[in-house]
Amino acid sequence: MKVLVLNRFKLARVDYRQWSHPSDELYLITSSDSVSADETARKKELAGFAHTEVVDDYADSAMPEYLAHRLHERHSFGKVLAMSEFDLLRAGRLRDAWGVPGQSEAEALLFRDKIRMKEVLAESGVPITGYRAVDHVTDLLLAVRDLGFPLVVKPRLGAASVGVAVVENDAELDAFLTRDPLSAGDAPAHLMAESFVSHALFHIDGIVDAGEVKVCWPSEQTTSCLEIAQGAVCLSTFLDADDPRLRTLRDMTVRAVEALGIEETALFHAEIFGSADGFVFNEVGCRVGGAKIRDQLEYGFDVDPIEWFARAYLGHPRHHELRPEPVRQTGYALVPPRPGLVEALGQVELPPSIRLFESKISPGDVLERSTSSTSTMASFVAVGATQADVVRDLDSAVAALRSALVIREPSEEAGR
């Protein structure tokens, strides 16, 4: 079968050729950011595909979809493999246009459009926050009237806390509208407003196999996505198997996934707020979570979710059972960039439980403030016997990085 692969992952970590059925022909359209800069590595990553197209500005460009149609005219694809959140609607449109099986655009939209998602969840009895679609200033003022302050205003189809704002009073509302007029003429803003919940945040990640939720495990995040985007360290760890919150979080997630009609073979990433009044469902995506969730699942369940899904979708599955509980406790920490000039980065002394340490900085780099909840200058993944053990060791790893790192703040630079 001829398969079109839409890709935004680093090709060094996704070997579609090994994961596909031997008789398949794979045609790749990929982001230029996913391909190695080293020419030798680049040739190796792009070898073995029947055809490749490398696209700049992949996420915002019309070219991937346009190239897909041109290739289909010549090759008649039987499947479209796409796993990035920002490819789901694109892939759905292509399947609809070509009569190819798999998630349609309308089905994918339920997991991308937060208003449609919340409408379905509310009808199914899943507890959610108060919300309202915001396309114009009048919508926002009506949201203030109906929901009150504070409000969270965010894109309906956004991700990673990009474009999210908390508006706490009239003065902040004035400031928000000054910098973001919401719409140009009659063009809708495609935003939404939600009641702000002072909360703990849980993300629940899982795998659906043959229509059944086989993996569904919650993690507790110590800071909100908005706080992370504003510079706080993100630390997230699996709940322990005896945690009293576990059952409620899993049950609520399964209800939401079933209400939205997830595919027979799927990955999902959900978010739930915990407050003094109980749990409130935020949203769920039909894809693997971002940050280091892929690594967390791989260390915790001994399964790479991206490889598992690709193999299952392409008809070349791995031959082992999915475990309902993690084989080991694990978690990750994301350290956002701190504005300034990196003057030195010494040896980072890490606890032995750290399985992965990635640093994106070197002396001489000029760092800017993070633009999303997944912007990082370094990240860690740890394993341990309990959640408390993992939290302790991740905190130690972050402290070790800070001790080894010397950053000259912008104010210091200006004074020289």
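Q: What makes helix 11 (residues 293-301) count as mostly covered?
A: Seven of its nine residues are buried. Buried here means under 20% relative accessible area. Ile293, Arg294, Asp295, Gln296, Leu297, Gly300 and Phe301 are the buried ones. Bear in mind that this is a predicted model. Just after helix 11, Asp302 takes a positive phi of about 60°.

Q: Why is Lys292 called buried?
A: Its relative accessibility is 10%, and the cut-off for buried is under 20%, so Lys292 counts as buried. Lys292 is in the loop between strand 13 (278-285) and helix 11. Leaving out residues up to four places away in sequence, Lys292 touches Tyr332, Leu334, Leu356, Glu358, Ser379 and Val381.

Q: Why does Glu85 count as buried?
A: The value for Glu85 is 12% relative accessibility. Buried means under 20%, so Glu85 counts as buried. Glu85 belongs to the loop between strand 4 (79-82) and helix 4 (88-98).

Q: How do you know that the side chains of Glu85 and Arg112 make a polar contact?
A: The distance for this pair is 3.0 Å, and a polar contact needs N or O atoms within 3.5 Å, one able to donate a hydrogen and the other to accept it. The side chain of Glu85 also has a polar contact of 3.0 Å with the side chain of Arg287.

Q: Why is Pro127 called partly exposed?
A: Pro127 has 31% relative accessibility. Buried is under 20% and exposed is over 50%, with partly exposed in between, so Pro127 counts as partly exposed. Pro127 is found in the loop between helix 6 (114-123) and strand 5 (131-134). With residues up to four places away in sequence left out, Pro127 touches Met252, Arg255, Phe279, Val280 and Phe281. Pro127 and Val5 are 122 residues apart in sequence and 36 Å apart in space, C-alpha to C-alpha.

Q: Why do strand 3 and strand 4 stand at the edges of their sheet?
A: The open sheet has four strands in the order 3-2-1-4, with parallel pairing. Strand 3 and strand 4 each have a single partner strand, so one side of each is left without a neighbour in the sheet. From one strand to the next, the twist averages 15°.

Q: How do you know that strand 2 (residues 25-31) and strand 3 (residues 51-55) pair?
A: Pairing takes at least two bridges, and five bridges join these two parallel strands. Tyr27 stands opposite His51 in strand 3. Together with helix 2 (residues 39-46), strand 2 and strand 3 make a right-handed β-α-β unit. Helix 3 (residues 63-75) lies across strand 1, strand 2 and strand 3, and runs at about 165° to strand 3.

Q: What makes strand 1 (residues 2-7) and strand 4 a pair?
A: They are joined over four bridges in the parallel sense, and at least two are needed. Val3 has Lys79 in strand 4 as its bridge partner.

Q: Why is one side of strand 17 (366-367) and of strand 19 (405-408) left without a neighbour in the sheet?
A: This open sheet has three strands in the order 17-15-19, with antiparallel pairing. Strand 17 and strand 19 stand at the edges, each with a single partner strand, so one side of each has no neighbour in the sheet. Strand 15 (residues 340-345) is joined to strand 19 by four bridges, and Leu341 stands opposite Arg408 in strand 19. Helix 13 (residues 387-404) lies across strand 15 and strand 19, at about 55° to strand 19.

Q: What makes up the largest nonpolar core?
A: To belong to a nonpolar core, a residue must be buried, be of a listed type such as Leu or Phe, and be joined through side-chain atoms within 4.5 Å. The largest core has 63 residues, and those with the most contacts inside it are Tyr16, Leu81, Ile262, Phe281 and Val284. Helix 10 (residues 246-260) gives the most to this core, with six residues. Apart from it lies another core of 22 residues, among them Val233, Val342, Ile354 and Phe380.

How values were computed. Residues are numbered from 1 along each chain as its sequence is written. This is a predicted model: local features need pLDDT of at least 70, side-chain atom pairs count only at pLDDT 80 or more; totals for chains, interfaces and linings use all residues. Side-chain values use heavy atoms; hydrogens and water are left out. Buried means under 20% relative accessible area, exposed over 50%, partly exposed in between (1.4 Å probe, protein chains only). Contact means heavy atoms within 4.5 Å. Axes are lines fitted to C-alpha atoms, for helices over the stretch in contact, and angles run from 0 to 180 degrees between N-to-C directions. A crossover is right-handed if, with the strands pointing away from the viewer, the path from the first strand over the helix to the second runs clockwise.
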